[in-house]
Amino acid sequence: MDRRLTTLISVDDAVDLLARTLSGAVSLEPEEVRVLEAVGRIIAEPVETEIDIPPFNRSAVDGYAVHADDTVNASVYNPVELVLKGVLTPSDKPPSECVEPGEAVRVHTGSPIPCGADAVVMDEDVEVKDGSIIVYKPVSPGQNISRRGEDFAKGDVIIARGTILNPVHIGVISSIGVDRVKVYRRLRIGVLTSGNEVCEPGIDRDCDTLIYNSSARLITALLRQSRFIDVKYYGVFPDDPEILSDAVVEASMENDLVVTTGGTGISEGDALIDAMLNTGKIVFRGVKMRPGRPTTLSLINNKPVLHLSGYPVAAWTGYEAILIPAVRKWLGLKGLERLVVYARLSRRIPNTVGYRSYIRVILRDAGGEYVAEPYMLRGSGVLSSLLKSHGYIVVPENVEGVEKDSVVPVYLLI
Ligand SMILES: Nc1nc2c(c(=O)[nH]1)N[C@H]1C(S)=C(S)[C@@H](COP(=O)(O)OP(=O)(O)OC[C@H]3O[C@@H](n4cnc5c(N)ncnc54)[C@H](O)[C@@H]3O)O[C@H]1N2
Ligand code: MOO
């Protein structure tokens, strides 16, 4: 293997190889955490409920539990009188004595429904009169009752393994009375960039090149959005194979995966690949995608090192098209999918057959449909193209282009 880009592989193969490399190199042991600390983490085993939710038939409103049959003809002109037989609050157990026809029991929102009753008349449709109620409106069987187990039934798997827990999951797990869950330990990713000309904002005071590190910081920030990842940021290193080898070795010892940006090109200044050729092993060199063609995977100390382009948009594409799909595949993740909308293309997008292209688009609402305006067909270094676009489309490798007016899926970035 040399540093030239002569053996490019498909995006799917790159995702597969990274997923397999991660699976061979990294073991994410489960750990137990409190549910409130688990948001954003990956659940390591399915969560099953041992109780029905709601745990009993309960009133959905403040009112009176009755036999629905008794109220069939109730109206303002033909009120129905029922005998009031006591009160049940949400903390009461349902009494053994059942409600008989002609009777009603006062219930609050959340109170258990006593046996015999099959509906609840709301307060608003009732008048109370010495020991009885006057009902002005009929209720049908089941009305205003939340049935036992209608939310979750005992034995249901309510959360599948691999789910990235969002706040709703936290609520759902809490609703079944569980406070400790097994989640995978955080994935540790180290990020660094190479480039003699690249300055670190805030650290390199005299940056005469005016090339500030955006790529590695963009990738760091993207990864930090995921709470199941611990990101360690190492900053900028010069294009020196020895210094770079040392930096990547150190990062690989402290992390499960190292992500680098820059130095993936083929010139003699691109020292990172030389460093990997000297110290590690190249798994793949180059991917048939645009942007991000020189994306490379190597192994150092048996740890995967993903090399993304120095151009920020190409680095972003490597994250979006390879890194995240590979992590999802490896861990069987549920979550992190982009929302898709369909839009009509405002103009033709050309493509080189064999390459999968990721094209940023601006969406316009054209009254009942979206129109997607491709934004910058080229321009891996133009970060404003990511700033301004609402999403991207993926042009498959087997086509020479996508015609104007085609309706295409747009993966939303907002
Ligand atoms: N003859 C060829 N030249 C190039 C090819 C090719 O196939 N043949 N591939 C092109 C492609 S595609 C890409 S992408 C780039 C890959 O370049 P590198 O990954 O080596 O990136 P650098 O050369 O280090 O930098 C490219 C560009 O981005 C600036 N840069 C670098 N790091 C950062 C950073 N952390 N933050 C912001 N900007 C950064 C750097 O100054 C350069 O301007 O190669 C093409 N060439
Ligand atoms: O494909 Mo490069 O990645 O031009 O930007």
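Trainee: How is the chain divided into domains?
Mentor: By an automatic or database domain assignment, there is domain 1 (11-28 + 185-331), domain 2 (32-53 + 150-184), domain 3 (58-146) and domain 4 (340-412). This is a predicted model, where local features need pLDDT of at least 70, side-chain atom pairs count only at pLDDT 80 or more, and totals for chains, interfaces and linings use all residues. Residues are numbered from 1 along each chain as its sequence is written, while chains are lettered from A and ligands numbered from 1 in the order in which they are written.

Trainee: How far apart are the centres of domain 1 and domain 3?
Mentor: Their C-alpha centres lie 66 Å apart.

Trainee: Now the ligands. Which residues come nearest to ligand 1?
Mentor: Gly262, Thr264, Gly265, Ser309 and Gly310, out of 27 residues around ligand 1. A residue counts as near if its C-beta atom, placed from the backbone, lies within 6 Å.

Trainee: And which helices supply that shell?
Mentor: Helix 3 (215-224) and helix 6 (312-331) each give at least two residues to the shell around ligand 1. Helices here are DSSP runs of H or I with at least four residues, strands are E runs of at least two, and both are numbered from the N terminus.

Trainee: What about ligand 2, which residues are around it?
Mentor: Around ligand 2 you'll find Arg290, Pro291, Gly292, Arg293, Ser309, Tyr311, Ala314 and Ser380.

Trainee: Switching topic: in what order do the strands of the six-stranded open sheet come?
Mentor: The order is 7-4-6-5-9-8, with mixed pairing. Two strands pair if DSSP finds at least two bridges between them.

Trainee: Why do strand 7 and strand 8 each have one side without a neighbour?
Mentor: Strand 7 (119-122) and strand 8 (126-129) are at the edges with a single partner strand each, so one side of each has no neighbour in the sheet.

Trainee: How does strand 4 join strand 7?
Mentor: Strand 4 (residues 63-66) runs antiparallel to strand 7, and four bridges join them. Tyr64 has Val121 in strand 7 as its bridge partner.

Trainee: Last one: what does strand 24 pair with?
Mentor: Strand 24 (residues 356-365) runs parallel to strand 19 (residues 289-290), with two bridges; there, Met289 is partnered by Arg356.
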